[in-house]
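Here is a colleague's note, written to be read slowly with the model open beside it. Please follow each point in the structure before going on to the next.

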Amino acid sequence: MSVVVVVGAQWGDEGKGKVVDWLTERAQVVARWGGGANAGHTIVVDGKKYVTRLMPSGVLRRGVTCVLGEGMVIDPRTLVEELRAFRAQGLLASDSDLLVARRAHLTFPYHREIDRLREERPGAIGTTRRGIGPTYESKAARSGVRVEDLLRPERLRRNLERNAASVVPTLAQFGAPAPDVEAIAQEYLALGEELRPFVGDASRFVHDQIKAGRNVLLEGAQGVLLDLDHGTYPYVSSSSTTAGGACAGLGIAPRHIDTVIGITKAYATRVGLGPFPTELHDELGSRLREVGGEFGAVTGRPRRCGWLDIPALRLTARISGIDAIALTKLDVLDGIDPLKVCVAYRLAGRTLDEMPLDLDDLAAAEPVFETLPGWPVRPAGSPPITSEKQLAEPARRYIARVSELLGLPLALLSFGPGRTETLLQIDPFAAAAGRARPPG
């Protein structure tokens, strides 16, 4: 048995969906702990593309229980849409295939409206407009409404009335009308009945699965550089995206975590606003975007693209205790020669080995690049890569250099969107299986 945490080691969009889907072949439970419908994944299986928004990527594996944890904020409309869509494809066939934390908080239409209105004014930070931030604001203000309230009509109306009243002043600032509480209550109660079979105590379930010796995979949303406390604030998400957030968001003890895998692309991307020192503003940046399909799974927004940033990865590895790296989208670099990797920063006469998080410092920092040779495009019809030895020598050199610069082993290499375009170097479940676990 092992408990493996997967986090995005950049600004999100690192390919977590594919990696988690691939690793869940070895897991019985996959759980999300934070974020909401802003954390979409695109997964390709047998040439067919699936897009998730709230569901963990384990949804495509039969026999795996998907858990939406207490730290999440859940839009029942989105969840029911996903549930119906996956069930229509023969997935989530059993009620036991999905568990929704009863203590997770709910996103309402007015949360989305506040998010949209804020993003349309000057000074916006570039959110997905899915109402995530405003929902977490309601939670922190102790006026939020939780999933369990959907199952108790009178309590839902009472708590919804209180929550809606708390946002009226914000809506009024934009000239927007007050929410229609009764209309929302009727819609959400109907959605709640559809979700009723799946609502339960997620924290206790995950704990019991760990104690029973199951392999449990904890799936992060966004990336560590978007963490509310440790990311490039204020251009961050509204939740904890670090590995430590898994413990808080799922209510499990830190001692249960065996291994942390950090996922990074072979280059860097960022969505929305905020400093991005290695960003490419030329044709090469556009090429990375087009070849890599760098458009948001949830919003369709184009992603900003740039060279791989080692100081940023060192920061996220330290904050999340990353044990090994999954390196994705190596194929996107095919045919680019030479390649560059940011290995340090220069700031006010100093050399920095980690990315500075002060926005003024980050904007002023000068990336120090190391140049590496590129490799050719693999010929069409080439056999699947089953060994690193099949890669061109410059590709092997690039991979080895990334590992060396980070001081971390590479657990997994990915050369495309499909399941077969993946090479496992270290099985995180097998690597952790022999470790002693404290009782409790």
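The points below go through the sheet, some of its strands, a helix, the cores and a pocket.

1. This is a predicted model, in which local features need pLDDT of at least 70 and side-chain atom pairs count only at pLDDT 80 or more, whereas totals for chains, interfaces and linings use all residues. Residues are numbered from 1 along each chain as its sequence is written, and side-chain values use heavy atoms, with hydrogens and water left out.

2. I would begin with the open sheet of 10 strands, which has mixed pairing and the order β9-β7-β5-β2-β10-β1-β11-β15-β19-β20. Strands here are DSSP runs of E with at least two residues, helices are runs of H or I with at least four, and both are numbered from the N terminus; two strands pair if DSSP finds at least two bridges between them. The edge strands are β9 and β20 (422–424), each of which pairs on one side only.

3. Which strands pair with β1? Strand β1 (residues 3–8) pairs in the parallel sense with β10 (residues 216–219) over four bridges, and Val4 stands opposite Leu217 in β10. With β11 (residues 259–265), β1 also pairs in the parallel sense, over five bridges, and the partner of Gly8 in β11 is Ile263. Six of the six residues of β1 are buried, where buried means under 20% relative accessible area, exposed over 50%, and partly exposed in between, with a 1.4 Å probe and protein chains only. Both faces of β1 are covered, with Val3, Val5 and Val7 on one side and Val4, Val6 and Gly8 on the other.

4. Why is helix α1 described as largely enclosed by the rest of the structure? Eight of the eight residues of α1 (residues 16–23) are buried, so the helix is largely enclosed; among them are Lys16, Lys18 and Asp21, as well as Trp22 and Leu23.

5. In soluble globular proteins, nonpolar side chains tend to be buried together. A nonpolar core is a set of buried Ala, Val, Leu, Ile, Met, Phe, Trp, Tyr and Cys residues joined through side-chain atoms within 4.5 Å. The largest such core here has 120 residues, and those with the most contacts inside it include Ile74, Leu98, Leu217, Leu218 and Tyr398. Its largest share, seven residues, comes from helix α6 (residues 181–195). Apart from it lies another core, of 14 residues, including Cys342 and Met355.

6. Finally, the second largest pocket holds about 470 Å³ of space. A pocket is an open set of points on a 1 Å grid over the protein atoms alone, where a 1.4 Å probe fits, with protein on both sides within 12 Å along at least five of seven lines; lining residues have an atom within 4 Å of a point. The volume is the space filled by probe spheres set on the points, which are joined across faces, edges and corners. Of its 22 lining residues, the closest to its centre are Asp331, Asp334, Arg378, Ile385 and Phe415.
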